[in-house]
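My notes follow, in the order I looked things up.

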Amino acid sequence: MSETTSSRLLTLLSLLQGRRDWPGGELADRLGVSGRTIRRDVERLRDLGYPVESMTGPAGGYQLRAGAAMPPLLLKLLFTMMPKR
């Protein structure tokens, strides 16, 4: 079963909030998507104001910036990403 983009973004945000850092490959496996999709989703979260940082190196990965104030969830913007029925 595939998730919608907005649902996947919420899941990704929840994962990032629940753990200090995540290797990109592990996030991709956990969400059942490619590494490229994770990179695009992280960019979407950044566009929404979430301070997601990239970590370089062989394992690479992502984390929420420590001590940053988290903006409120912008459901209106997430809903605009959902496919029309």
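Before noting any surface value, I wrote down what I mean by it: accessible areas come from the Shrake-Rupley method with a 1.4 Å probe. I also reminded myself that this is a predicted model.

**Entry 1: the overall picture**

I looked up the surface first. The protein exposes about 5,500 Å², and carbon and sulfur atoms supply 53% of that area. Of its 85 residues, 31% count as buried.

Next I went through the elements. I found four helices and two strands, and from the N terminus on they run α-α-α-β-β-α.

I then checked how far apart in sequence the contacting residues are. Taking contacts between residues at least 6 apart in sequence, 53% join residues at least 24 apart.

**Entry 2: the core**

How many residues does the largest nonpolar core have? I noted 17. The residues with the most contacts inside this core are L12, L16, L27, I38, L45, V52 and Y62. Each of α1, α2, α3 and β2 supplies at least two residues of the core. The largest share comes from α1, with five residues. This brought a general rule to mind: in soluble globular proteins, nonpolar side chains tend to be buried together.

Leaving aside neighbours within four places in sequence, I listed its contacts as W22, L27, L45, V52, Y62, Q63 and L64.

**Entry 3: α1 against α3**

I turned to a helix pair here. For two packed helices, the description is the angle between their axes and the distance between the axes. At what angle do α1 and α3 pack? The angle is about 80 degrees, and the axes are 10 Å apart. Angles of 65 to 115 degrees count as roughly perpendicular, so α1 is roughly perpendicular to α3. From α1, the contact is made by T5, R8, L9, L12, L13 and L16; from α3, T37, D41, V42, R44 and L45 take part.

Is V42 buried or exposed? V42 is buried, with a relative accessible area of 0%. Not counting residues up to four places away in sequence, V42 touches L12, V52 and Y62. I also checked V42 against L13: they are 29 residues apart along the chain, and their C-alpha atoms are separated by 8.9 Å.

**Entry 4: the two sides of α2**

Which residues of helix α2 (residues 24–31) are buried? I noted G24, L27, A28 and L31. These residues cover an arc of only 100 degrees around the axis, which puts them on the same side of α2. The face turned away from that buried side carries the exposed residues D29 and R30.

I then asked what the buried residues of α2 pack against. I found α1 (5–18), α3 (35–47) and β2 (61–64).

A28 was my example from this helix. A28 is buried, with a relative accessible area of 5%. Its contacts, not counting residues up to four places away in sequence, are V33, S34, G35 and I38. The C-alpha atoms of A28 and R39 are separated by 9.5 Å, with the two residues eleven apart along the chain.

One last item on the backbone: just after α2, G32 takes a positive phi of about 70 degrees.

Terms used:
Residues numbered from 1 in each chain as written. Heavy atoms only, no water. Buried < 20%, exposed > 50% of the residue type's maximum accessible area, 1.4 Å probe, protein only. Arc of directions from axis to C-beta. Contact = heavy atoms within 4.5 Å. Core = buried A, V, L, I, M, F, W, Y, C linked by side-chain atoms within 4.5 Å. Axes fitted to C-alpha atoms, helices over the stretch in contact; angles between N-to-C directions. Parallel < 35°, antiparallel > 145°, perpendicular 65-115°, else oblique.
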